[in-house]
Amino acid sequence: MRLVVDLNKCQGYAQCAFLAPDVFAMHGEESLIYNPHAPEEQRERLARAVAACPVQAITADGLEDLTGEPGAGPRRGAPEASDGR
């Protein structure tokens, strides 16, 4: 699984480091370091970390099958798809 963090967008909220500490870490107060080739066993934690980023700075190839959307993890509070029934 390949991760990309837009470090220009990242504001250092550290939600990713809290939710997936084996992949993301803060270096100092504002600098994020991460493993761009995250292990498959971190899939669930990564999906949560991607969804929790307040500025949506993280994309992850390989999480599509969890959400149906490329590069996105499950979003809290997102409306469920409905067929109108």
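**A walk through the model**

Guide: Let us begin with Asp 61, which is partly exposed, with a relative accessible area of 36%; here buried means under 20%, exposed means over 50%, and partly exposed is in between, using a 1.4 Å probe and protein chains only. Please keep in mind that this is a predicted model, in which local features need pLDDT of at least 70 and side-chain atom pairs count only at pLDDT 80 or more, while totals for chains, interfaces and linings use all residues. Residues are numbered from 1 along each chain as its sequence is written, and side-chain values use heavy atoms, with hydrogens and water left out.

Visitor: OK, so which residue does Asp 61 form a salt bridge with?

Guide: Its partner is Arg 2, and the closest N and O atoms are 2.8 Å apart; a salt bridge is a side-chain nitrogen of Lys or Arg within 4 Å of a carboxyl oxygen of Asp or Glu. Because Asp 61 lies in strand 4 (residues 58-61) and Arg 2 in strand 1 (residues 2-5), the pair ties together parts that are 59 residues apart in sequence. Helices (H or I, at least four residues) and strands (E, at least two) are DSSP runs, numbered from the N terminus. Arg 2 is also partly exposed, at 44% relative accessible area.

Visitor: How many salt bridges are there in the whole structure?

Guide: A search of the whole structure finds 3. One of them joins Arg 43 to Glu 40, with the closest N and O atoms 2.7 Å apart, and another joins Glu 44 to Arg 48 at 3.5 Å, N to O.

Visitor: Where do Glu 44 and Arg 48 sit?

Guide: Both are in helix 2 (residues 43-52), 4 residues apart, which is about one turn of the helix. Glu 44 is partly exposed at 42% relative accessibility, and Arg 48 is partly exposed at 44%.

Visitor: Changing topic: how do strand 2 and strand 3 run?

Guide: Strand 2 (residues 24-27) and strand 3 (residues 31-34) run antiparallel and are joined by 4 bridges; two strands pair if DSSP finds at least two bridges between them. Met 26, for example, has Leu 32 in strand 3 as its bridge partner. The hairpin has 3 residues between the strands, and Gly 28 takes a positive phi near 80° there.

Visitor: And Gln 42, is that buried or exposed?

Guide: Gln 42 is buried, with a relative accessible area of 10%, and it is found in the loop between strand 3 and helix 2. Leaving aside neighbours within four places in sequence, Gln 42 is in contact with Asp 22 and Val 23, where contact means heavy atoms within 4.5 Å.

Visitor: Which residues touch the most others in the largest nonpolar core?

Guide: Of its 20 residues, Leu 3, Val 23, Phe 24, Leu 46 and Ile 58 touch the most other members. Strand 1, helix 1, helix 2 and strand 4 are the elements that give two or more residues to this core, and the largest share, 5 residues, comes from helix 2. A nonpolar core is a set of buried Ala, Val, Leu, Ile, Met, Phe, Trp, Tyr and Cys residues joined through side-chain atoms within 4.5 Å.

Visitor: What does Phe 24 touch, then?

Guide: Not counting residues up to four places away in sequence, Phe 24 touches several residues, including Leu 3, Val 5, Cys 16, Leu 46 and Ile 58.
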